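Trainee: Please walk me through this model, one question at a time.

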Amino acid sequence: MHLIKKQQEIANANFTSRLFVEGMAGTGKTTAAIERIKSLIKEGAAADSILVMTPQATLALPYRTALRRSRVKTAADVQMETLGSLAFHTVDLFWPLLAQDLGFKDRPHFLTLEMVQYYMTRLVEPEIRRQDYFNSVHISRNRLYTQIVDNLNKAALIGFPHDEIGERLKSAWLGDVEQAYIYDDAQASANLFREMCREYNMLDFSLQVDLFVNHLWKLKPVRAYLTAKYRHLIVDNVEEDTPATHDLLREWLPLCESAAILYDKEAGFRRFLGADPKNALLLKAVCDVTIDLDRGRVMSPDVEAFQVAIAPHLGEKDGQARPKDGNPRGAIVYPQDTRYQPQMIDWAVNHIASLVHDQGVSPREIVVLSAFMPDALRFSLQSRLDERNVPNRTHRPSRALREEPAARALLTLAKLAHPDWGMKPSKFDVTYALTASIGELDLVRARLLTDTLYRDGRLLPFERISEAQMQSRVTFELGARYERLRSWLDTYITTTSLPLDAFFSKLFGEVLSQPNFGFHKQFDAANAAANLIDSARQFRQTVGKIEPDVPAAPEYISMVDAGVIANLYVRDWQADKQDAVLIAPAYTFLLYNQPIDYQFWLNIGSTGWGQRLYQPLTQPYVMSRQWTLGDKWTDALEVVANQEVLYRVIAGLIRRCRKGIYLGYSEYGEQGMEQRGPLLMAVQNMLRRLTREEQHV
Amino acid sequence: MNLPDDFVFSQTSLQDYVDCARRFELRYLLRQRWPAPEVDDMLEFEARMDKGEQFHHLVHQHLAGIDGEVLLPRIGDEDVRRWFDVYLKSGLDGVPEMRRPETTITTVLNDTMLLAKFDLLAVKPGGRALIVDWKTSERMPSTERLAQRLQTIVYRYVLAASGEAFYGGQPIPPEQIEMVYWYADHEGATQRFPYDAAQYATDTAYLAGLIEEIASRPNFPLTPDVNRCRFCPYRSLCDRGVQAGRLDEWDDGADEIDLTAFTLDIDQIAEIEY
Ligand code: SF4
């Protein structure tokens, strides 16, 4: 691997120093840090004494992959953690040391986000209803709860008491009194949730972090354990991390043998999750050596010239010099006269197909981005790319399991198998479940079966179809399959009672995945079933321990139906390795932190680029260590903040692009409104300026 | 080459291959989940796994420095308390002082990564190197069977091949390595497997051959031993039966349950919809 001199100072030297490495994205910081790890191991360090810390697990993927591929003995043993995972492991290991002071009797219950949503609904929602909290807020319950939890998380990550959330938000607010009430309600809900967690020995993310940084890390044996276990620290994207991590590192750095702290300039994309780039810079003072990497290794000269040319139109000072051999126009492609969004999609798909099929570009080197990626846009892109035989994959933060046909079928069959729950599925759901469950059964025949044999919440035997003509319309073969499924359910009803996850598993194994049934050799269906089973099992295990009297199975089903749980499941990172065009929201791609050859930015006229999400219960700038208590959040501050975010996002995207950017634009957006967002303005102004410059030459 | 270049072998994946090539392919190459039951009594199976996990966690806590007297009274399950009590009395007898619980070592063999995750690695630099594996199974397999298990082979091999960092920078001589299976449900009875250079050479050849075979084989056939399919979740995919095997016929002394599979994905926090 060829490294420039400054990279070599990171990779091959300073093994007893603490390095602070700064540089823009794409200057080779991570590459140098990976080489440093290999060198440390070759110098005799035990690989598992090296800790790679990143703000989120995805950012450790380049390390994991590179070290596994390196063929350096033991390199795969390097440990990767986030603050969250470190907090979880440490609390789970050392909780007995807190038992006396904090009153833990048993091993605490660690709540996943899904279970947090559930307990919010179960324990906090009744109070919200009773008190008529949030009566003027019109967002989904899940988003409401997410923001309550987000406030608790921010309190832990920034380091202020959780009962000061409301006051903090109110003190910065300048508008109507209604919003102040909302902040009061957010505080009351957060307090209630925290009390419930204490009462039931449950630890959500915020409590885990709090216990870790404010209690366990302060205990001598715990600190000794961690600092002896991890002697070498590699901290990447520290600017995306939170003050809690920075505080931990400030105390840890003097105790370790070596460290490399990597800081991306002009980033901080996770601000809405508590990232604090300014606070991260304070770590420079506890490091022995600072290294500034300033040579981009990703962008072509044209792409770099585009980045420099657009910067002043996004509010940056006009100071950077364009590379001599770079032409901004050479980096970008944009459509002429696209009035409507479908035309823009056609334009993008045509170019992608041409890159892949005519120019031999690998699909994995193309990403399609948008400020947000609404389902309709994602779906249009996917189907158009499919038509053109371009492999593609989407990346969404989460996806409801009940949207998966296999999971929906399982949920309906569970209701049929448990008449005592009193949850009779609709005819529509039964038809749908039969189609998904029985091999080769089409919707028409499934409908026929449902209409004639589904009575009062139960499926009747096939022989109950009296007319021979109707039986033969269904066919005897399909009738026999129906009968096998029905009698399995019948036997289950009369003889067995299993927890829901075990029921799903047995039904899957003994019927649905057997030959002639709908899940046989259907790998996607099996994955969806496995995810549903995991989710149901985790629910049962957690609820069973916390409230053994709650009937877990029907409770789970109603929560899924209500959209409270089974909304999230961990993505299969394997899928990300496919050679396919990635379709993702811009932020998701930025937090991948992987450069790519070609980027397609869609809807650049949308106001979504650089605009903050609507979060009525919280405020990322006020919930920050950089906020001075007593200051007011004004419209002027909002404008400046949005402009800064837009610049950083755009600069971040360009710095992760090697060859070219396609700027997708349509005069009218999805809703038929004319598009005049700030990114479009910036691009147009830049083009006008380039034209003027060209005329002067 | 069948294997992705970041593929890592472990004793479990190699054991799966030896038991059934198709299972190896489905589980590790295709990473195909197939959520059918492995045994008939899923709940009892889960309860045993849960107890095993609790015991391993307690030992980890103890080795991380928490006093046994602090841990013991907080154990709710009777079996687990009994096992842990036995451990406190004799589990660490003769175990060298430098103890590293839950330690992973990876080595490179035939240009492929091979990983071993030890419950406990205890090394005296210049002296003995002991691998301890805590077992909570009801049955104790015979010494001959255990000697053939990939766990016994892989663990000792990996430590001999890549244990330098724990031995003052020098390779650990095979003669200093010993693997011990410690049985909590049998009053701390042990099965011990010393090592030597000849065995190391045999294992190197065997493992290299196995990896080579996997990397180069054109297809992964179903096992001819249909008995194995009774306890395999893929049985419906392979057309090898309907019902899972009976738990009381399942060989818990030999079959591995991966107790490290439990992870809480706390990083979901970054993935939520605002
Ligand atoms: S069911 Fe039998 S043949 Fe199929 S993977 Fe399992 S063990 Fe192999």
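Mentor: By class, six nonpolar, one polar and three charged residues make up the shell around the ligand. Ala, Val, Leu, Ile, Met, Phe, Trp, Tyr, Cys and Pro count as nonpolar, Asp, Glu, Lys and Arg as charged, and the others, Gly among them, as polar. This is a predicted model, where local features need pLDDT of at least 70, side-chain atom pairs count only at pLDDT 80 or more, and totals for chains, interfaces and linings use all residues. Residues are numbered from 1 along each chain as its sequence is written, chains are lettered from A and ligands numbered from 1 in the order in which they are written, and side-chain values use heavy atoms, with hydrogens and water left out.

Trainee: Which residues are around the ligand?

Mentor: A residue counts if one of its heavy atoms lies within 4 Å of the ligand. The residues are C20(B), R23(B), L222(B), T223(B), C229(B), C232(B), Y234(B), R235(B), C238(B) and R240(B).

Trainee: How many residues does the contact take from chain A and from chain B?

Mentor: Contact means heavy atoms within 4.5 Å. The contact takes 82 residues from chain A and 56 residues from chain B.

Trainee: Which residues in chain A lose the most area to chain B?

Mentor: Buried area is the accessible area (1.4 Å probe) that two parts lose on being put together, summed over both. Between chain A and chain B it is about 6,100 Å², with 58% from carbon and sulfur atoms. On the chain A side, 11% of what is buried comes together from the residues that lose the most, R71(A), K73(A) and L93(A).
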